[in-house]
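Subject: Handing over a structure

Hi there,

Here is the structure I promised to pass on to you. Please open it beside this email, and my notes follow below.

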Amino acid sequence: MKWLIYGILASVLFGLWGLFDKLTSFQNPFASNFIIFLSATILSLVMLLATVGKIKYSRNGMLAGLFAGIANFFVLYALVQNQLILVLPFVSMASVVFFLI
């Protein structure tokens, strides 16, 4: 039953990230999202260190989250530079690469 609490907490936090991501799109999205991701990373590291040995972690899952965050930075940076039309086709190809791997 503990997994349900973690799942609900992850859903709520992901929803809050989406909300703040949308709210910052009217300002400088790159700088605002950097602050959001930095605080989320620090909070995640604190939670990770607090549960070491209690929960099994997937190295691949953590790498997936890390790469998703890095990809989001590049997409937002392209948005700020008005180059999103050049970056978006490559981002859309990510699902094809996933299935090919």
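The notes below go through the overall build, the pockets and a surface patch.

First, some background. This is a predicted model, in which local features need pLDDT of at least 70, side-chain atom pairs count only at pLDDT 80 or more, and totals for chains, interfaces and linings use all residues. Residues are numbered from 1 along each chain as its sequence is written, and side-chain values use heavy atoms, with hydrogens and water left out.

The protein has five helices and zero strands, where helices (H or I, at least four residues) and strands (E, at least two) are DSSP runs numbered from the N terminus. Of its 101 residues, 13% count as buried; buried means under 20% relative accessible area, exposed over 50%, and partly exposed in between (1.4 Å probe, protein chains only).

Now to the pockets. A pocket here is an open set of points on a 1 Å grid over the protein atoms alone, where a 1.4 Å probe fits, with protein on both sides within 12 Å along at least five of seven lines; lining residues have an atom within 4 Å of a point. The largest pocket has a volume of about 1600 Å³, a volume being the space filled by probe spheres set on the points, which are joined across faces, edges and corners. It is lined by 34 residues, and Ala-40, Thr-41, Ser-44, Leu-45 and Gly-65 are the closest to its centre. Helices H1 (2–23), H2 (29–50) and H3 (59–80) each supply at least two residues of this lining, and H2 gives the most, with 12 residues.

The second largest pocket holds about 290 Å³ of space. Among its 11 lining residues, Phe-67, Ala-68, Ala-71, Val-91 and Ala-94 are the closest to the centre. H3, H4 (84–92) and H5 (94–100) each give at least two residues to that lining, with H3 giving the most, six residues.

Finally, the surface carries a nonpolar patch with about 1200 Å² of accessible area together, including Met-1, Trp-3, Phe-20 and Met-47. Accessible areas come from the Shrake-Rupley method with a 1.4 Å probe. H1 provides the largest share of the patch, nine residues. Met-1 sits in the segment before H1 and counts as exposed because its relative accessibility is 71%.

Best wishes

How values were computed
Patch = residues over 30% accessible without salt bridge, like charges linked within 9 Å, V, L, I, M, F, W, Y side chains within 5 Å. Salt bridge = Lys/Arg side-chain N within 4 Å of Asp/Glu carboxyl O.
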